[in-house]
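Keep the sequence and the 3D view side by side as you read.

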Amino acid sequence: MSAAAINTPLTAMFGLRYPLVCAPMFLVSNTRMVQAAAAAGAVGAFPALNYRPLTRFAAALQELKHCSAFGVNLIIKNNPQLDAQLNTALAQRVPLIIASLGNPTAVIKKAHAAGVRVFCDVINLHHARKALDAGADGLVAVASGAGGHGGNIAAFALLPALTALSDRPVLAAGSIIDGRGLLAALALGAAGAYLGTRFIASVEAEVSADYYRAIINASAEDIVTTARVDGYPGNFIKTAALLEHGIEPSWFDLLVAKNKKLRSLVALYRTRRALYAQPAAKKISYQTVFAAGQGVGGITKVLSINEIVQNTVAEYHALKNNLP
Ligand SMILES: Cc1cc2nc3c(=O)[nH]c(=O)nc-3n(C[C@H](O)[C@H](O)[C@H](O)COP(=O)(O)O)c2cc1C
C-alpha cells in the first residue's frame, strides 16, 4: 500500500501525489528514472544535454509522452544549442522546463507563449528576484551542500528568504535524502524537495559500480567543493581520482577569476566542450569524478526509485505526527 498523499502548491500544479522531484543530473538522469519517479507519484527531470545529439533528445521526449509530469533542464548561459533544445521541448509540450545558469527571460517568454511552465535554479536572493521578475513559475533554491553546482547559502536561511519574495512555489535542493529532510523543507516554506544525490543510489540510475560504491561509502566529510572539474565550484566526493587531478584552483583558474573577459571566453569554451565532447573523452569529469551532495552520508543502500519515494514519504508522515 502506498503512503498517504502530501498536498502542496507543487503537487497541485503538476497533479502529483508527493512533492518530491528526482532532480536533473548531468550524465546520470535518464528516461527510466523519470518514468519511475512519475510512476511512484513524484516527478523526474533530466538535462537536455544527457541526450545528444538533438535527435536523441527528441526521441527521449517521445518516450516520455505518456508520462503525466516531468521536467527538462536547460542550461541557458553559453549554450549554443539552447534554441534548438527549447524548440524541441516546446514542440513536444514538456510539462516543465528547469532553467539553470544565465538569464532566463527569453526562455520564459517563449515557454509561456507555448503554455509551458518554467522553474529557475537560484542560489541567492539576487538571482531569485531576477527570475521572478522574468516571470518564473517557481524557483529551485539550491542551497549549500547540494550535489553538483550548489550555492553557498544554508537552506535554513535561503528557503525562508526566497519564500518571502512571492507566492510562487519554491523547491528545496541540497542534502535532502529522506523524510526528515522533506519535512524540514516544507516547514521552511518549500513546496517540495528536489533530490539529486539520493537518486544516484537508485537501481534506475544505472551508474557505474564505482559511483554506486562511492555514494554508499562516503560521509559528509568526504565532500569537497572544487572548481577544478569543470570550471564552476561544485561538490564532489573526495576520491583518489579527484585528488590526483587536484582540488585547489590552478594558476590559470586564478587568472581567469580576475579577468571578466577571459572568464566569459573560458565559460563559452567549457560549455561547448561539454556539449560536443563524447563521454569517452571526459577523462576528468562526471565519468571518473563523482558529484554528490553532503547528504551522501545518510545513503546506505541502492534502492528502486519507488522504494526511495515510499520510504521518504512514510518517514515524513511518521515524523510529522511524532515530533517532540
Ligand atoms: C551528478 C550530478 C549532476 C548534476 N547535474 C545537474 C545539471 O546538469 N543541471 C542542473 O541544473 N543541476 C544539476 N545537478 C544539481 C541537481 O539538479 C540538484 O540541484 C542537486 O543534486 C540537489 O542536491 P543533492 O544532490 O544534495 O540532493 C547535478 C547534481 C549531481 C549530484
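## A residue in helix α2

Helix α2 covers residues 31-39, and Thr31 belongs to it. The model is predicted, so keep that in mind throughout. Is Thr31 buried or exposed? Its relative accessible area is 6%. The cut-off for buried is under 20%, so Thr31 counts as buried. What does Thr31 touch, leaving out residues up to four places away in sequence? The answer is Tyr51, Ala60, Glu63 and Leu64.

Tyr51 turns up again elsewhere. Together with Phe46 and Phe57, Tyr51 forms one aromatic cluster.

## Rings that pair

A pair of aromatic rings is described by two things: the distance of the centres and the angle of the planes. How many aromatic pairs are counted here? The count is four. Take Tyr211 and Phe290. Their ring centres are 4.5 Å apart, and their planes meet at 20°. Planes under 30 degrees apart count as stacked, so this pair is stacked.

Where do the two partners sit? Tyr211 is in helix α10 (residues 209-217). Phe290 is in the loop between α13 (260-276) and α14 (305-321). The pair therefore ties together parts that are 79 residues apart in sequence.

Leave aside neighbours within four places in sequence, and Ser304 is in contact with Val203 and Glu204.

## Inside and outside

Now look at helix α4, residues 82-91. Which of its residues are buried? They are Leu82, Gln85, Leu86, Thr88, Ala89 and Leu90. In an α-helix there are 3.6 residues a turn, so residues three or four places apart point the same way. Just after α4 comes Arg93, with a positive phi of about 45°.

For a contrast, turn to helix α7 (residues 155-163), where Phe156 is found. Phe156 has a relative accessible area of 65%. Exposed means over 50%, so Phe156 is exposed. Along the chain, Phe156 and Ala106 are 50 residues apart. Their C-alpha atoms are separated by 31 Å.

## Around the ligand

There are 23 residues around the ligand. Which come nearest? They are Pro24, Asn73, Ser100, Ser175 and Thr197. By class, the shell has twelve nonpolar residues, ten polar ones and one charged. Two elements, β8 (192-195) and α9 (197-200), each supply at least two residues of this shell.

| Residue | Part of the residue | Distance to a ligand oxygen |
|---|---|---|
| Thr197 | side chain | 2.5 Å |
| Asp121 | side chain | 3.1 Å |
| Gly147 | backbone | 3.2 Å |

How much of the ligand does the protein bury? Taken alone, the ligand exposes 600 Å². The protein buries 94% of that area.

Methods. Residues numbered from 1 in each chain as written. Predicted model: local features only at pLDDT ≥ 70, side-chain atom pairs only at ≥ 80, totals over all residues. Heavy atoms only, no water. Near = heavy atom within 4 Å. Polar contact = N/O pair within 3.5 Å; in protein donor to acceptor, adjacent residues only side chain to side chain. Areas by Shrake-Rupley, 256 points an atom, 1.4 Å probe, with all protein chains shown as cover. Helix = DSSP H or I, 4+ residues; strand = E, 2+ residues; numbered from the N terminus. Nonpolar A, V, L, I, M, F, W, Y, C, P; charged D, E, K, R; others polar. Buried < 20%, exposed > 50% of the residue type's maximum accessible area, 1.4 Å probe, protein only. Contact = heavy atoms within 4.5 Å. Phe/Tyr/Trp six-rings, centres within 6.5 Å; stacked < 30°, edge-to-face > 60°.
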